[in-house]
Amino acid sequence: MEVKAKIEALRDELRAHNYNYYVLDNPTISDFEFDMKLKELQTFEEKHPEFYDATSPTLRVGGTITKNFETIVHEHRMYSLDNSYSKEDLEDWEKRIQRILGDVQVAFTCELKYDGASISLTYENGLLVKAVTRGDGIQGDDVTNNIKTIKSVPLQLKGDYPDKFDIRGEIILTLEGFAKMNQERLANGEEAYMNPRNTASGSLKLQDSAEVAKRPLECLLYSIVGKNLNFETQFEMLKKAREWGFKVPTVAKLCKTTNEVMHFVEEWDVKRHDLPYETDGVVVKVNSLRYQDELGYTAKAPRWAMAYKFKAEQVSTVLHQITYQVGRTGAITPVANLKPVLLAGTTVKRASLHNADQIAKLDIREGDTVFVEKGGEIIPKIIAVDFTKRSIGSEPTTYITHCPECETGLIRNEGEAQHFCPNDTGCPPQITGRIQHFISRKAMDIEGLGGETVELLFKEGLIQNYADLYTLTKELVMPLERMAEKSAENLVNGVAASKSIPFERVLFALGIRYVGETVAKKLAKAYKNIDALMKATEEELVAVDEIGGRIAESVVQFFSEVSNQEIVARLKSYGLQFSLSEEQLQNQSDVLKGKTFVVSGVFETLGRTELKKLIEDNGGKVASSISSKTTYLVAGDKMGPSKRTKAENLGVPIISEQDFLAMV
């Protein structure tokens, strides 16, 4: 037992040194001493494999090879953030919060927004069990083996942590570490990496974890999700995470007003240039986790958080040519082809010009010197023209009148921002675009089939629409360029596997204009199957919660076209899911149809999210604030007094959780 005790003592000592060095930035021994102790532990472990420990510091060196990164569905969705760029934006956001919460004092936690690759780490009983990239927010890639090589990620926690939780953060490269990597690459005759963020993100998908271990990656954490968490505020959450062993930035401030928030923003807009990491703004969060829960989420972002973006970097360059792209819906997007220029760490060659109005408004012309910035530091956009450098004889831009792909005359409907090509069945980019949308991850998620392969299948005449995918065989696709037998098998198997995708995603995959993921779920829930939906009138569709006239018109128009009816019929014959499953139907009813609920407070039997889902599954509508249209206020413990007062003044019945459960 003496050997086991020695091994465990060495592990504990090395974990403590790791924490001091990589989390606290306060090393207590030299690198040489640390390496000697690590080698000593490795020797012991090699001689005594019976004392294996998955959290041993020796496993940080990597060596695991991952050929394919498994796709994992997040237990708790990873949302993106809404952006603000002014004090007025913040004040408007605060007013929206007050409308939902009522007349309560709201405090805010301000944290710096680090520019890295988002990650979700899952811990069970204090041990790291899974690390998943953000992906599309619904699902991401399992990169656990690579994350384990990052020294600032604890493999084993300390303190009073919950049994299970996810903690979110950013994988980043320090500016110093990034510079050293590039020095080594240049010395080896290799091309330098362009920026820390993309390099950090790319590192997570390296197949050899030993290569990941060589990179000076860090993990900065900022958010915990799960059940039975023992804290009540965001600020307390950050403190607890530090105590458990996570590297949580200490640059955070609790603010009582938006004026205090702006002071913090202005301070760090200057001081950020002295930080060891790249940061592009400040994330402002409602501090109370109970208020966060009450505010909830929109389809894309939490209502309780806002990213205040620092002013974007701006450069000037020459616009060589304006070209035009055709989207899957026929929408025409003008594109500025630029003289390559370095902007916020990446080389920019193209920028969207949005539409004809934008070109006319800014008077953008070919040959102009233009000012370019990254909107939200992601998408390049032209914000102005340098008229002092415009050449004499420059001609205004004349927007195209015919489709650049099929020569069909363009149309522009009243109230629409963009021109459209109406030739939806004969315009190649529209055809391939619809198929690419159909196979995308959020839709049918067909493995073994990508955008380039779709283009190739269309070019070779093997497919003309997405229903044709289900007629493909291995023998048909194998002769294609770069298509080996295994690739052909994967493609055909991926298409076959997609037949089990649920109805709401199949509906989204059809590519009906204005029918996104959320609308598709609403329609699937309301109509239960495709036959009922295809018969629906505009008036009936508008009666569905959150379905407006524009969506209703688009749905009716889509299903009125014979070609679309034929495609749906073919897809049904191939076995795709065009109705809700038995399980989904059993969990739904219309018992709450026509009723609108506001949910507030803390509940005993159900979580707030579960309660809201139960309302929607039974035909009811969930609203965020009380109005004369509210049918019931479902009141839990610690509900704000202003909500109760407003409900009483408007005569809205106030019911308990048990009263509500009795309804369903």
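Trainee: How many aromatic pairs does a search of the whole structure find?
Mentor: The search turns up 17 aromatic pairs. Keep in mind that this is a predicted model.

Trainee: What about Tyr 114 and Tyr 277, how far apart are the ring centres?
Mentor: Their centres are 5.6 Å apart and the planes meet at 85°, so that pair is edge-to-face. Tyr 114 is in strand β3 and Tyr 277 in the loop between α9 and β10, so the pair ties together parts 163 residues apart in sequence.

Trainee: And are those two buried or exposed?
Mentor: Both Tyr 114 and Tyr 277 are buried.

Trainee: OK, which kind of pair do Tyr 123 and Phe 165 form?
Mentor: A stacked one, 5.7 Å centre to centre with 15° between the planes. Tyr 123 sits in β4 and Phe 165 in β7, 42 residues apart. Tyr 123 has 0% relative accessibility, and Phe 165 is buried too, at 2%.

Trainee: Which residues do ring pairs link into a cluster?
Mentor: Tyr 123, Phe 165, Phe 231, Trp 244 and Phe 246.

Trainee: Switching to the sheet: what's the strand order?
Mentor: It's an open, mixed sheet of 5 strands, running β2-β11-β10-β3-β9. β2 and β9 stand at the edges with a single partner strand each, so one side of each has no neighbour in the sheet.

Trainee: How many bridges do β3 and β10 pair over?
Mentor: 7, in the antiparallel sense. Glu 111 stands opposite Val 283 in β10.

Trainee: Which strands does helix α8 touch?
Mentor: β3, β9 and β10, with its direction at about 55° to that of β3. Helix α9 lies across β3, β9, β10 and β11, at about 25° to β3.

Note on methods. Residues numbered from 1 in each chain as written. Predicted model: local features only at pLDDT ≥ 70, side-chain atom pairs only at ≥ 80, totals over all residues. Heavy atoms only, no water. Pairing = 2+ DSSP bridges. Helix = DSSP H or I, 4+ residues; strand = E, 2+ residues; numbered from the N terminus. Contact = heavy atoms within 4.5 Å. Axes fitted to C-alpha atoms, helices over the stretch in contact; angles between N-to-C directions. Phe/Tyr/Trp six-rings, centres within 6.5 Å; stacked < 30°, edge-to-face > 60°. Buried < 20%, exposed > 50% of the residue type's maximum accessible area, 1.4 Å probe, protein only.
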